[in-house]
Amino acid sequence: MTTKRDRNIKNKEEKKKIAFAKLNNSPISPRKMRLVADMIRGKKIEEALTLLKFNSKFASIKIEKLLLSAISNWENKNEGKRKEEANLFVKEIFVNQGRTLKRLRPAPQGRAHRIRKRSNHVTLVLGDNKK
């Protein structure tokens, strides 16, 4: 029977093997960011980088930098291994809503309309195919 402490140590060891990267408070609407995130979910990293490089959306620049950061994190955690042999792919990518800045825009007859400037948080997790 394993104790709670043993399970906790085992979970920490497993988390050390996972390579991920986070982008917080990116000033793009989560809806726009999800369009790009859905494009690369489940793709190999080479294919994902190519898709992001030649995509015209502004969000693709942010996610490309995030993917490169996650790859760099994987290389730091797995010294001596090559990323080409590991068959890395985008295991998870999700976009959550961040802080919303509320601004006022003048409207007719002395009124004001509220403008919501949305931001988001992106989390990207890499996985490796062990075949």
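Strands β1 and β3 (residues 112-128) run antiparallel and are joined by 6 bridges. Strands here are DSSP runs of E with at least two residues, helices are runs of H or I with at least four residues, and both are numbered from the N terminus. The model is predicted, so local features need pLDDT of at least 70 and side-chain atom pairs count only at pLDDT 80 or more, while totals for chains, interfaces and linings use all residues. Residues are numbered from 1 along each chain as its sequence is written, and side-chain values use heavy atoms, with hydrogens and water left out.

Within this pairing, leucine 23 has valine 122 of β3 as its bridge partner. Two strands count as paired if DSSP finds at least two bridges between them. The open sheet consists of 3 strands in the order β1-β3-β2, with antiparallel pairing. Because β1 and β2 (88-106) stand at the edges with a single partner strand each, one side of each has no neighbour in the sheet. From one strand to the next, the twist averages 10°.

Helix α2 (residues 30-40) lies across β1, β2 and β3 and runs at about 170° to β2. Such angles run from 0 to 180 degrees between N-to-C directions, with axes fitted as lines to C-alpha atoms, for helices over the stretch in contact.

Serine 26 belongs to strand β1 (residues 19-26). Serine 26 counts as buried because its relative accessibility is 2%; buried means under 20% relative accessible area, exposed over 50%, and partly exposed in between (1.4 Å probe, protein chains only). Leaving aside residues up to four places away in sequence, serine 26 touches Met33, Lys62, Ser119 and Asn120, where contact means heavy atoms within 4.5 Å.

The model contains 4 salt bridges, each defined as a side-chain nitrogen of Lys or Arg within 4 Å of a carboxyl oxygen of Asp or Glu. The table includes three of them.

| Residue | Partner | N to O distance |
|---|---|---|
| Lysine 83 | Glutamate 75 | 3.8 Å |
| Arginine 82 | Glutamate 84 | 3.5 Å |
| Arginine 82 | Glutamate 85 | 3.6 Å |

Lysine 83 is partly exposed, at 28% relative accessibility, and glutamate 75 is partly exposed at 34%. Glutamate 84 has a relative accessible area of 45% and is therefore partly exposed, whereas glutamate 85, at 59%, is exposed.
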